[in-house]
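Please read them with the structure open.

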Amino acid sequence: MTDVVHITRVGPIALVEIDNPPVNAAGAAVRQALWAAIPELDSDPDVQVIALYGAGRTFTAGADIREFGKPPIPPMLPDLCQRLEDCQTPLISVLHGTALGGGLEMAVATHARIGLPGLRVGLPEVALGIIPGAGGTQRAPRLVGLEAGLEMITSGRHVPAEEALQLGLIDRLDSTSATPRDAARTAAQAVLEGALVTRRTGDIDIPIPADVIARWSAEMARKYPLLPNRKAAVEAVAACAQPIRDGVREERRVFNVCLDSPERAGLVHAFFAERATSRIPEAGSPPRPVGSVGVIGGGTMGAGIATAFLLAGLPVSLSEQDAASAAAARDRIAGHLEGAVKRGKMTGETRDITLAKHLQVDTNLDVHAQADLVIEAAWEDLETKKSIFAALDGVAKPGAILATNTSYLDVDSIAAATTRPADVLGLHFFSPAHVMRLLEVVVGAQTAPDVTTTAFALAKTLRKVPVRARICDGFIGNRILNRTRMAADHLLLMGASPAQVDGALERWGFALGPFATLDLAGLDIGWAARKRRAPTRDPRERYLRLADRICEAGHFGRKTGRGYYRYDGGARQEDPEMLAWLQEERAEQGISPRALGDQDIVDYYLTAMICEAAALLGDGIALRAVDVDAVLLFGYGFPRQRGGPLLQADMLGPQTVLDRIEAYAKADDHFWQVPPLLAQLAASDGRFAKLPDSDTPRPIHPTGDA
Ligand code: 3HC
């Protein structure tokens with residue numbers, strides 16, 4: 001008996017319970033305990049059946065991901081699985097909650113599997129940049145067949161219990177037992193009575209036609225050029241043609257290659273980033289209850305925000321300026337809900353009830369009088385927002401949280417327009433708000449701690465990734481975006497075309513390059529902002545007048561068929577006229593263009609991103625490096641397998657980043673300045689990931705001394 005594995009005997013049945021909260025990950029302690037317990041039970045003549053199950057909410061979520069990249073601790077999971085399979089005593093497993101990765105690999109190494117209702121099984125390793133590495137690629141296809149096995153393993157999808165039964169991954173579904181332990185006893189009894197047949201998965205032979213393997217291999221290489229582990233998973237499955245031990249050995253070889261890959265580092269970082277951002281200093285303050293939400297403004301953002309809450313089951317009041325805008329807002333929301341019905345996220349009946357009973361649209365702010373939280377999503381203008389908040393102050397009930405969906409503006413100034421600044425914060429949603437996962441939670445100087453924890457609790461309800469930010473122009477995401485947009489313009493001035501910049505960054509993993517993104521969003525908004533800022537622009541700023549010229553010609557991006565590109569048949573094509581303007585701009589600035597390769601482009605752009613990320617981390621705008629990475633990953637299309645700009649900085653090493661900045665500064669020492677925090681890390685060979693959390697400006701010791 002150990003802390004993480006409990007054994008009880010019931011007559012000839014040995015019940016083995018894995019108890020390693022929260023998700024029974026098969027970390028070293030669990031492996032060691034099972035490695036000691038199973039052979040002992042197997043050699044005990046009084047034990048006639050062994051039944052393995054999990055305590056708490058789940059069977060097991062697989063290997064302990066936190067062990068990746070660290071020195072391995074024996075016994076290794078594949079050896080443990082082989083030992084389970086080798087048992088002479090019938091050994092069965094009872095699965096509830098989730099049996100994922102190494103958890104399912106243990107289960108398929110046992111001699112029969114029972115599922116409980118609600119179970120989901122899967123081999124999600126590909127999503128972490130690896131492949132199943134404890135026999136999953138060898139045993140799952142032996143149970144479900146080659147094509148079904150390949151589909152499961154290369155997609156990593158969670159398979160529901162009924163489908164798992166149909167596929168042959170589990171042998172039975174038990175919907176009568178009250179607990180996994182009861183189910184384990186019932187199933188073990190069935191084995192004793194000969195009513196449940198046991199067998200060794202590794203003894204099953206399945207055909208492995210070479211053409212099927214070649215087809216899947218080619219498909220994975222085509223679909224995932226930046227994720228070599230997807231194709232590697234197919235190679236491992238091909239080893240099912242060999243005896244089980246040889247196949248597992250080959251699988252391990254492929255697994256180890258993937259484990260050492262930068263993609264694995266990026267994807268595992270992203271997995272933990274998604275969860276790490278919820279650790280906030282206010283965590284001790286219980287959130288306020290939120291049973292209804294008000295939204296001010298029903299344009300693209302407001303309608304998206306309202307939809308997000310309606311989809312989460314919360315009633316929404318929405319106010320607009322006039323009847324026509326109110327009707328348009330209702331139509332937008334109805335359209336979003338219709339989309340949810342089409343995607344199977346909501347039934348038609350629920351949609352009808354939601355629109356009829358849970359959405360109230362009005363032209364009067366009073367409609368929000370009873371809302372627990374009101375989010376303003378009006379035009380991005382400080383005076384407009386201040387007057388809305390002043391009016392809202394007279395309408396909202398005491399204790400209601402008042403949030404602004406600003407993407408740049410000073411939340412403290414907006415809060416000052418009310419008599420209750422402690423109830424005010426920024427909730428920066430990303431468009432489309434009912435789809436995008438990022439939510440920047442902007443905490444003002446006077447925001448009460450329970451207002452912040454309420455925002456984090458709500459984000460969980462909405463299945464979003466909340467990231468805490470302090471106030472600055474653009475907060476975390478848009479502050480970095482502004483900087484990288486300037487860097488992208490520099491690349492054009494230096495000699496690249498928009499298509500080259502976009503192409504290089506897309507080949508590196510971004511879903512869409514910066515210029516294609518601007519065309520998609522529409523160039524007119526940025527044009528208006530540039531015109532506003534022109535009088536105060538720093539004369540030292542290298543300014544490219546290309547976007548202005550494109551707009552002056554009446555081209556605003558995709559919606560007008562032309563922008564940085566032409567969109568004649570839908571697909572983007574280089575625009576010779578735009579290239580001629582670019583050439584004229586370079587000539588006016590006395591620049592002779594030079595050839596830039598993909599690597600030059602990626603290095604320049606990424607360094608600008610890291611530079612701004614380091615600066616805002618030094619300013620205490622983000623609590624920690626991983627929060628910055630989460631913003632870029634979940635709101636700005638940063639490639640997941642690259643993990644985020646600050647993981648990239650840590651992987652490159654701060655000194656390398658600093659050297660790049662100093663080299664770029666030779667051409668532009670206004671734009672390129674070394675952030676003090678980066679200088680400090682470079683001097684001490686430190687890493688962003690190791691910095692303590694801080695939401696106030698960090699004291700800097702450029703020599704690296706702490
Ligand atoms: N290892 C280590 N920690 C894990 C973990 C794992 N496999 N799975 C989850 N956790 C941690 C989370 O980080 C989180 O920690 P925190 O509270 O400190 O932030 C905690 O457990 C709870 O997790 P969630 O917040 O994600 O809880 P949910 O209930 O929302 O989801 C889950 C549960 C579906 C199991 C989800 O956690 C999940 O998908 N986990 C990963 C599953 C997976 O990828 N397994 C394969 C692992 S790789 C492997 O097995 C290799 C093998 O082939 C050799």
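1. Where does T137 sit? The place of T137 is in helix α4 (residues 136-144). Helices here are DSSP runs of H or I with at least four residues, strands are E runs of at least two, and both are numbered from the N terminus. T137 counts as buried because its relative accessibility is 0%. Buried means under 20% relative accessible area, exposed means over 50%, and partly exposed is in between (1.4 Å probe, protein chains only).

2. Before going on, note the ground rules. This is a predicted model, where local features need pLDDT of at least 70 and side-chain atom pairs count only at pLDDT 80 or more, while totals for chains, interfaces and linings use all residues. Residues are numbered from 1 along each chain as its sequence is written, and side-chain values use heavy atoms, with hydrogens and water left out.

3. Back to T137. Its side chain makes a polar contact of 2.9 Å with the side chain of Q138. A polar contact is a pair of N or O atoms within 3.5 Å; within protein, one must be able to donate a hydrogen and the other to accept it, and residues adjacent in sequence count only if both atoms are side-chain atoms. Leaving aside neighbours within four places in sequence, T137 is in contact (heavy atoms within 4.5 Å) with I131, P132, I153, A236, V237, C240 and E251.

4. Now the ligand. It is surrounded by 24 residues, and the closest are R57, G102, E105, E125 and R275. An N or O atom in the side chain of R275 is 2.8 Å from a ligand oxygen. A polar backbone atom of G133 is 3.0 Å from an oxygen atom of the ligand. On the nitrogen side, a backbone N or O atom of I65 lies 2.9 Å from a ligand nitrogen. The ligand alone exposes 990 Å², and the protein buries 75% of that. Those areas come from the Shrake-Rupley method with a 1.4 Å probe; for residues, only the protein chains shown count as cover.

5. Which elements give two or more residues to the shell around the ligand? They are β5 (98-100), α3 (102-109) and α11 (262-276). The most come from α11, with three residues.

6. The chain is divided into domain 1 (5-260), domain 2 (293-469) and domain 3 (477-690). These bounds come from an automatic or database domain assignment. The centres of domain 1 and domain 3, taken over C-alpha atoms, are 45 Å apart.

7. Look at helix α20 (residues 514-521), where P514, F515, A516, L518 and D519 are buried. These buried residues pack against α18 (477-494), α19 (498-508), β18 (565-566) and α24 (598-618). After α20 comes G522, with a positive phi near 105°.

8. Most residues other than glycine have a negative phi, and most peptide bonds are trans. The peptide bond from P74 to P75 is cis, with omega near -5°. P75 lies in the loop between β3 (49-54) and α2 (77-86). The bond from S431 to P432 is also cis, with omega near -10°. N24 has a positive phi, near 55°, and is buried at 2% relative accessible area. D685 has a positive phi near 50°, but D685 is exposed at 57%.

Conventions: Near = heavy atom within 4 Å.
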